[in-house]
Amino acid sequence: DSQHSEFATSLKSNAMTSAVSGEGKSTVALNLARATASMGRKVLLVDADLRSKVRLTESLGLESAMGLKNILGQHDPSLASKHIQKSPLDDNLFVLSSGFNELMSYESSLLLASSGMYKLMEELKCNYDLVIYDLCALVGYADVNLLAGKTDGVILVTGLGKIDTTLLTKAVEQLKISNVPVLGIAVNDLVK
């Protein structure tokens, strides 16, 4: 309906996470980005899971040598425009890779909590109709709490039948405690 449409178009940024890794959150993030871009909105998908060895850019057939880690490491948010890549498969869809270089957990959290990250988020919000941040898993890491509160809200992805429900409950409780707006829970059926 029109109320749902107005709500959807009023969102400028959101964070995508899951309770634990392996629940398909990156796939859901990519599908949401593609669907939104297909409606004519200019969408940026940011691979902000700085720990993962799997990169969204590679799934789109793009090179990802430079990305978020490098931009934040050089303390220059304006570098983002040089490293954002257009999807070869989708009109209106752009991607910012996480970049290479393995980081320790605390280094990832420090980069994502930096003033440079917040400046970058503000800049990106001005240049795109929607910015989707694909974050790491929620349980065990602070990254989601650091970033999601700076977006319009978070979508929690859960793999149906993949995880213990106590972990999902723990993830939801963690979001409640941090006062991050929950836009919804996406159930992703990964059971073969």
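Residues are numbered from 1 along each chain as its sequence is written, and side-chain values use heavy atoms, with hydrogens and water left out. Because the model is predicted, local features need pLDDT of at least 70 and side-chain atom pairs count only at pLDDT 80 or more, while totals for chains, interfaces and linings use all residues.

**Overall make-up**

The protein has 9 helices and 7 strands. Helices (H or I, at least four residues) and strands (E, at least two) are DSSP runs, numbered from the N terminus. Of the 192 residues, 48% are buried. Buried means under 20% relative accessible area, exposed means over 50%, and partly exposed lies in between (1.4 Å probe, protein chains only). The protein exposes about 9,300 Å², and carbon and sulfur atoms supply 55% of this area. Accessible areas come from the Shrake-Rupley method with a 1.4 Å probe; for residues, only the protein chains shown count as cover. Among contacts (heavy atoms within 4.5 Å) between residues at least 6 apart in sequence, 79% join residues at least 24 apart.

**The sheet**

The 7 strands form an open sheet with mixed pairing, in the order S3-S4-S2-S5-S1-S6-S7. Its edge strands are S3 (85-86) and S7 (182-188), each of which pairs on one side only. Two strands pair if DSSP finds at least two bridges between them.

| Strands | Sense | Bridges |
|---|---|---|
| S3 and S4 | antiparallel | 2 bridges |
| S2 and S4 | parallel | 4 bridges |
| S2 and S5 | parallel | 5 bridges |

Helix H7 (residues 115-127) touches S1, S2 and S5, and its direction makes about 140° with that of S5. Helix H9 touches S6 and S7, and its direction makes about 175° with that of S6. For these angles, axes are lines fitted to C-alpha atoms, for helices over the stretch in contact, and angles run from 0 to 180 degrees between N-to-C directions.

**Strand S2**

Leu 44 has Phe 94 as its bridge partner in S4, and Leu 44 stands opposite Val 131 in S5.

**Residues in loops and on the surface**

Leu 160 lies in the loop between S6 (154-159) and H9 (165-177). Leu 160 counts as partly exposed because its relative accessibility is 46%. Together with Val 182, Ile 185 and Val 187, Leu 160 forms a nonpolar surface patch with about 360 Å² of accessible area. Patches are made of residues with over 30% relative accessible area and no salt bridge; like charges are joined within 9 Å, and nonpolar side chains (Val, Leu, Ile, Met, Phe, Trp, Tyr) within 5 Å. A salt bridge is a side-chain nitrogen of Lys or Arg within 4 Å of a carboxyl oxygen of Asp or Glu.

Asn 92 is in the loop between S3 and S4. Its phi is near 70°, a positive value in a residue other than glycine. Most residues other than glycine have a negative phi. At 28% relative accessibility, Asn 92 is partly exposed.

Ser 178 is in the loop between H9 and S7, and at 29% relative accessibility Ser 178 is partly exposed. Ser 178 and Asn 145 are 33 residues apart in sequence and 6.5 Å apart in space, C-alpha to C-alpha.
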